[in-house]
Every structure is written in C-alpha cells, then in structure tokens.
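Please read the numbered points below with the sequence and the 3D view open. Each point treats one part of the structure.

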Amino acid sequence: MSGGVDSAVAAARAVEAGHDVTGIHLALSRNPASYRSGARGCCTIEDANDARRATDVIGIPFYVWDLSERFHEDVVEDFMDEYAAGRTPNPCLRCNEKIKFAAVLNRALDLGFDAVATGHYAQLRTGPDRSIEMHRAVDHGKDQSYVLGVLDQDQLAHSIFPLGGSTKADVRLEAAARGLLVADKPDSHDICFVADGDNTGWLREKLGDRSPHHSGPIVDESGEVLGEHQGSYGFTIGQRKGLRLGVPAADGKPRFVLDIEPVSGTVTVGPRERLAVDRIIGRSPRWCGTVPSRLEGTVQLRAHGDEHRARVRVGSAGVEIELLDPAYGIAPGQAAVIYDGTRVVGSATIAGTSRAS
Amino acid sequence: MPEDPVYLDHAATTPMLPAAIEAMSAHLADVGNPNSLHASGRHARRVVEESRETIAQALNCSPGEVVFTSGGTESDNLALKGIYWARQAADPARTRILTTSVEHHAVLDPLLWLVEAGGVEVEFLPVDRQGRVDVEAMRDAVDRGPGSVALISAMWANNEVGTLQPVQEIVALAAPHGIPVHTDAVQAIGTVPVDFAGSGVDALTFTGHKLGGPYGVGVLVVRRQIEVSALAHGGGQERDIRSGTLDAPAIAGLAAAVELAVKHQPEHATRVAALRDDLVRRVVEVVPDAHVHGAPIELGAGARLPGNAHLGFPGCEGDSLLMLLDARGIECSTGSACSAGVPQPSHVLLAMGCTDEAARHSLRFSLGHTSTSADVDAVVAAIGPVVERARAGSRRSR
C-alpha cells in the first residue's frame, strides 16, 4: 500500500471479497529523507502514515517491509546502467518484475499468504485452457497492463487486481464513501525515487564517473556539430524539447533526437520522418503464458503510448516485431508489450530498431 | 482480527487505571487556569498542588522538586540540555557528558544534538552482555577529569531488554565530585522500588502513560539546588524552568496513577514476574533455541524489570514474528523505535554485543497490570507455528 487512493481501495475490496488481508507498505529508500518530500508518490514518511491510517479505517493489520537493498540493486542500479548506456529504461516494470511480484510475493507466500493484491488497473481472467489471462483495464486512461507485462503465469496466479473493472473516478468516489482520507490525493506520475521529477539532474548527480561523457557534441546526420550537451543521459530517442540548439534547421523544421551514442557521447538529431521505425528487436522476453511462435496483434512501446498493429515472431535471436505502420520515437530500453486484443501476451525490452526505408 | 487482542506491549504504553480515569474525568469540565487569581483559578491550582504533593509522597521527594512536563521526552530534554547549559554557564571547563550506550532515543538524541551544536563531548559508556553499564569504565571516565564532567545520565531500567542499571553505584562515584546525575525512570516507577531522595540522583524522568496515567503528561523530579536552564520560554509556570499552562485534569489523573502504582508495586511486581517467568519457560519448551536477552531472569527482581521478556528467536526476522503474532491477535514489539515503521537493528542489542542478525531476530513481550495467565497461554499456543512460518520466510530471503 503506497499511501495512495488506489491501493487503499484495492485492499478494502479484497477484504470485502472475503480474503484475510494484511497491508504492506514498501520502504524502498535506503535513506527516506533523501527521497522527495511531500505526499506525491510513495516512499515518504507521510505516505507510510497515509497507508497506515487507511488500514485502520479498513480494519486490517499494517506493516512496513524494508526492501530498500533489493530495490536499489534491481531497480535503481539498472536504471542508472541503462541511461549510462544510452537507453531509456522503465523502472516501474523492473519494480513489478523484481520487487512487487517477486521479493514481496515470495516473502508473503513463505509467511502463509496466498497472493499479492495491488491497486494496479488491469484485469485477470481464467482462459479457456484454465491459465490466468491478463487484460487491459476497463478504464483505458488508467490502464496499467503495460507495466505489468513482465509478469509470468506463476506470478499472475498469485496476483489480484481488484480495480481492473473500475474507472478511476469511481475508485475516488468509493474511497470517499469508505472514509478513506486519501481519496483526493493526486496521482503519482514521476519516477518515485527521482525527487522533483528532475531526471537529468538526478542522473548527473548519481551517475558520477559511470557516465563516460558529461558533455559531448550534438550533430546532424551529416556529422556537422550543431551544439554541445551536458551528458548524453539527459536525452531520449524522439525527444524534441531541451536540445538548446541556437541555430534553426535549414529547412525550418523541428529537430528530434535520432540516436544516442554513449561511447563517444554523440547525440544525433534530425527531422521527425527520420524517427520512423517499422522493425523492432526485443531482448529478455517475459511471457504471461504459453510462448507464441508467431502472432498478429498489437504492441505498445511506451507507458500510455499508442497501440501499433504488428506481426510478432519469436526466434532464437529474440523477439522480432514488424510494425504494419511506422512508429516514431521508439527508444531502446523501453518495453514492447505485446497484446492479442485486450490480452497481454508478454513483453520484451527494445534492443534495437530499424528505420523504414 | 480477533475481538480482544492479547496486549503484551505494556512497556510501550499501558492502559489507564480506573482510578486515574476517574480522577482525570472529574476535572475535565472545570474551567480555571491554575495561574489565574480568581476562585476558578484557585480551584485548578489546588488540584495541581495536591497532585504534586501526592506524587512527592509516593516518590519520596519534596513537592517543590516535581516539575510537570508533557512527558518523558520533554523531561529528558529539559534535564540534559537544561542542566548541561546551566553547569556550562557556571564553569566553561565542564564540557563532558557521560551516559550509557543503551539509553532511550529521548536521551540519545538530545545528547547527539548537543554534540552537533558544538562544544560538548559525550561519552557513551559500554555495557556488558546483559546490558548493564560498566561502572568501572564510568569511574575511569570521571577520574580522567572530574572537573570537566557537566552531567551523568543513566537510565534506571532499560526499555528494550529490561535490565536495571546500577544507578546507586553511579551516584556514589559522581557525588564526591559534585557531578549531577540524571536518570530516565520511565520504565521503573510502579514496577521496581524508586525512592528519589534515597537514590541520591539529582533529576529523574517519568511519564504518565507507562504507569496507568494519561498520555501527554510527565514529570521531571529535580532537586532544588540544581540549576536548570529553560528550553521553552514563556510564563515560567513551573519554577521558571518550564512554561505552559498546566493541564490540571491530566495532572490529577497522573497523581492518582502514581499513588496507586507505587502503593501496589510490590505485589504487582511479584504477580507479573510470575507470569513472565511462566511465559519464558513455556515458550522455550516450544521453541528450544529461543533465549532471553538482558539480565537472566534467575537473577531475580534486582536485575530486571518484572514484566519484561525480551526473547531471541534464531533464524527469524523480528518484524515477521510481530506480523504473524498480530494476525493472531497477539500484540508485542520488536523493542526498537522507528519513524516510518522500518525496523532497524536495535542499538541496545548491538551495544550488548549481539550481531546484526541476532539484533533483528528479537521480540519484546512486556506484561502489565491487565495481563493474565490467559495471555501467556495465547502466546504459548501461537509461538510454535509462528516461529516456523517466520523461519521459512527468512530462509527464502537469504
């Protein structure tokens, strides 16, 4: 329970469904004071207290589990390594894969619990072959199946998502009706361990010598130097804002980040059409159930991103995704989550893309 | 959750005694600031002063030595900072404070704050494996420069492991040099005999809610001859060292609780110690490698608080045990404080020489005036399966 409205209502619904529920708040910072202050996301003392009050309203026990070491190793270190390598990671997926539905779930199972219930917006159903299927939430604006696309069948079999059939608006109303004072708490959007949402500033401070280049050239596709940057980790493929190029392009069109080369520290920019991608190679695939060999479905390539029609082939080289229409600004390191209709099939980390010719 | 929890966390807070509730309730509707001069004020003042006399009589101090505060933390802060500042102002050579390495955070943290503010050197003297401070080390520290010691603070009884400290011996080594001694007796009043004048200490902290009185009210008993600088400035209501309108109803409740707790201390201690001994013996029968931390209970009433059973369960995480017992309606503690609920290894157990792991596998059961043999039965019935579960949990996390 993060201290927010979703996990509080999820807990209350789990109790009503007849489960014996215990509230768990995760302490993920090795030094809580160093994380953001104010009740905005998770991990602050205020958030822990909000969660504790919610459990008292619901009438269930409450504990704080200290998973800060695991979180640092599995999520924060990975986040830094990925940026240092010029990629754009999604730490929420890592946290779900390694922390919430692994470290927490395993400890809970050992202590005699049967499942982890969270406030994620996604739906679980039993499929025709008795396996557990995960589907997009009813509230498409809040759907979080993307960040859960890393869960395998075993993890799904021990998961409960009580909110998947509701809209956020209904959840807020229900929280208020239940007397949960977190009902009006704003949603969290930023990365929980980055204070103020200042990703670049955080990376500059934490990466230190791990990033080979704290500055480097910004070039166009011909190699002409257009400007300087203060660290390639401050850029994401497809980024348009914050390039600080004094001179406009000759054709007057906006320029976007096309490539980040961390070894030389070179950031390449160019026009939007050069971002078009129609082939994606994914690594480290995670499958929710049976591994498909071939599939025609859709892929989602970033959190809250669009669905793209795609043909997916699983081979020895990884997951090959062929997009039927080109996509723009696809950043290596993000997850490609594969859907068959509303059902999540699995996911892979984007390793490489190739441009439509 | 079960309707009636088995409450074995009396060292954290203990239920109010019915007589204290009655005494407090009797004044809740009264108007009157004890410092006002009219009839209502005089009535409130009378409640406060009669309460002060009741407390003084119970603890063998004079009424003028009883300074009302908001509780243990304020009393400790007032004693440590207030006496240090006054002693320092009188002689700038007094730059050292001696204390034990097992104090409550209400003593540790003000001392660390004084160190950070500059000019003070605090020596945290070692304890033995039972948690008893090394008196010879304390003596050596004094002898290295008696004139530079501003203050000694040593708790009467440890809140986590229940070990009683040799306060008399500390007073004996401090007195020849005129060094004032403060003691945090929050856990001691009503559980072991405490005689302020007889003990020779100069300042003593206690609080209402640990002895059957209300929350939010406590006392610093401090000798008249001891100079204490004020922390919070205002009306100077309490001897000019503590300001703030006195809470007459709470003070009446506190006095009623102190009077009863001290009066019934001998039979209370005997009854609770018997329950505690039964609990320890039967838990060890179920979990053979469980062991007592702190002074061995065989040493008797002079070594350990009667209601404290601090037990180590090898191979378990203390917070897993706590959670699993809570789920069965049994409420106890890991004994260490935490702000966001994140368990930290106890500084007390670490000071006693426990490894980090041993410091984490502990539980504190603390019995009090409402404890019964049925509570003990409930723990004995639950502890076996709970320890088994917790062991499974910590094996995996390794």
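1. Conventions. This is a predicted model, in which local features need pLDDT of at least 70 and side-chain atom pairs count only at pLDDT 80 or more, whereas totals for chains, interfaces and linings use all residues. Residues are numbered from 1 along each chain as its sequence is written, and chains are lettered from A and ligands numbered from 1 in the order in which they are written.

2. The cores. A nonpolar core is a set of buried Ala, Val, Leu, Ile, Met, Phe, Trp, Tyr and Cys residues joined through C-beta atoms within 7 Å. A residue is buried if 20 or more other C-beta atoms lie within 10 Å of its own, exposed if 12 or fewer, and partly exposed in between, with C-beta atoms placed from the backbone. The largest nonpolar core has 90 residues, of which Ala8(A), Val9(A), Ala11(A) and Ala336(A) touch the most other members. Helix α1 (residues 5-16) of chain A contributes the most to this core, with 7 residues. Another core, of 87 residues, lies apart from it and includes Leu173(B) and Phe206(B).

3. Strand β8 of chain B. Helices (H or I, at least four residues) and strands (E, at least two) are DSSP runs, numbered from the N terminus. In β8 (residues 218-222) of chain B, 5 of the 5 residues are buried, so this strand is largely enclosed by the rest of the structure. Gly218(B), Leu220(B) and Val222(B) lie on one side, and Val219(B) and Val221(B) on the other. Two strands pair if DSSP finds at least two bridges between them. Strand β2 (residues 66-69) of chain B runs antiparallel to β8(B), with 4 bridges; strand β7 (residues 203-207) of chain B is also antiparallel to β8(B), with 5 bridges.

4. A helix pair. The axes (lines fitted to C-alpha atoms over the stretch in contact, with angles from 0 to 180 degrees between N-to-C directions) of helix α3 (residues 72-90) and helix α4 (residues 105-117) of chain B come within 9 Å and cross at roughly 35°. Residues are in contact if their C-beta atoms, placed from the backbone, lie within 7 Å. Among the residues that meet are Leu80(B) and Tyr84(B) in α3(B) and Val107(B) and Leu111(B) in α4(B).

5. Most residues other than glycine have a negative phi. Arg130(A), however, has a positive phi of about 70°, and His304(A) has one of about 60°. Arg130(A) counts as exposed because it has 6 C-beta neighbours inside 10 Å.

Key
Two residues are in contact if their C-beta atoms, placed from the backbone, lie within 7 Å.
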